[in-house]
Amino acid sequence: MKINLLLLLGRVAPEKSVDLLIEAMQDIYSKNHQICLMIVGGGPQLEELQELTKELQLTHCVYFTGPKEADLVPSYYHVSDLFVSASITETQGLTFIEAMASGIPALARYDKNLEGVILDGRNGFFFEDKVDLTQKILELAQTDLSQLSMHAVEDAMQYSSENFYKKIMNTYRKALSKHHYCYKVVSMVPDKGKTYQVSFQFDNHQVMLTLSSQVIDRYGLSVGQVVDREELDALKDQEQVSRAYHLALKYLTYKDYTYAKMQKKLADKGDFDDIQIDMTMDILVQKNLIDDAEYTKNYFQRSIRLGLGMNKIIFNLKNNGVSPFVIDEFLANYSQDLEYDKAFEIVKKLYNENTNKPQYALIQNIKHKLFNKGFSQDVVERAINNFDFVFPEEHTKKLLTKEYERVYNRYKTRYDSHQLKSKIITFLVQKGYEYDDVVNIISELWEDPND
């Protein structure tokens, strides 16, 4: 790709700094014949620079246009691809801004004064020395410059006359506001605790704030002192933060909160803006009153005691606004044996409390309850398989007999003999009894309802 480099001699580049660029062109052109340097302008050392160009045999790629009228300079911007300068005496960067406004990325030797103008890698690049400059130009010659050019134009617009006017007007307005809207401290009356009722007055307008002694000391408030509107707004924020903080303490006396839940609780109150809430949350975190990691640990322990499984616990924590990263960090040091022990304990409890379910029905019921409590399938299967379910034959037969008689008496008048037997078998098998046991009990107890 053909690259035209532009240098404005005299305006941004003193003649001595141009030597570096001409010497760099010797290495640049040797590696890429599509790159040329155009030097626009004049000065007392112009002839020396032209002589240096001849000595280095660069007249075929370094061009001198000589001095040009100001109204012609934009034309040279528009026929160029990159604007370069090795000067370290540019204090305002106006020429760089002109170049960027023409859609030309800028290359400049690093200068602190240009930090706000050239954004390295966005609208141009800084270079340190001749080697660095050579490398950057050769790389850019192989790069699509459209993004750099677009950003150069965008960034240059902030220095337009319209934006300059807006900034100046904003500065004037702030100065006028600060001058006209000043509030005087007219009284400071001790209130309950370590707070004061502080009264501010401007003309006939009075503002009353409840401020802590720490805030009063921090702002150095005293009767007769004058504060501007920005300071008064900051003091209002401090009052609101104090109110939000004490409200949060009240909430925390009843139960623990995650960061997200407390933030929402304060927001739902409707009295505080986002900044005031964020300031309050920072205080709560600093005082360890809100700690999602500690909340997660305590919630796990409490939930395991209550018989909840891992999946349910994690689901509830996420619903309470705990970050997945906090949960994962806790799980990394968490023993799943605790969850298994609790699941096994529940299996044992439900088994001991069982009075009317056969083996299959009881196991399915236990699995269902464990899954509902959030235990993982692996843990549920381990607990079920490791528990010694004992169902004495006589006990099972007693339950089956009782269930058979109940179903038989309920439906014997509704169906004929064949249908009734089929219905009873289906019903008892669905209840969890073994098919063979059902058939045997029917053969023992069957009475034909038609007899």
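Q: How much accessible surface does the protein chain have, and what share of it belongs to carbon and sulfur atoms?
A: In this predicted model, the accessible surface of the protein chain is about 26,300 Å², and carbon and sulfur atoms account for 49% of that area.

Q: What makes the protein chain more spread out than a compact globule?
A: The chain holds 20 helices and 10 strands. Its radius of gyration is 42 Å, whereas the globule rule gives 22 Å for 451 residues; the value is well over the rule, so the chain is more spread out than a compact globule. Along the principal axes, the C-alpha atoms fill a box of roughly 130 × 75 × 40 Å.

Q: Why is Ser149 called buried?
A: Buried means under 20% relative accessible area. Ser149 has 18% relative accessibility, so Ser149 counts as buried. The residue belongs to helix 6, residues 146–156.

Q: How do you know whether Phe126 is buried or exposed?
A: The relative accessible area of Phe126 is 11%, so Phe126 is buried, the limit being under 20%. Phe126 is part of strand 6, residues 124–127. Residues up to four places away in sequence aside, Phe126 touches several others, including Tyr110, Leu114, Ile118 and Lys136.

How values were computed. Residues are numbered from 1 along each chain as its sequence is written. This is a predicted model: local features need pLDDT of at least 70, side-chain atom pairs count only at pLDDT 80 or more; totals for chains, interfaces and linings use all residues. Side-chain values use heavy atoms; hydrogens and water are left out. Helices (H or I, at least four residues) and strands (E, at least two) are DSSP runs, numbered from the N terminus. Buried means under 20% relative accessible area, exposed over 50%, partly exposed in between (1.4 Å probe, protein chains only). Contact means heavy atoms within 4.5 Å. The radius of gyration is taken over C-alpha atoms; the globule rule is 2.2 Å times the number of residues to the power 0.38. Accessible areas come from the Shrake-Rupley method with a 1.4 Å probe; for residues, only the protein chains shown count as cover.
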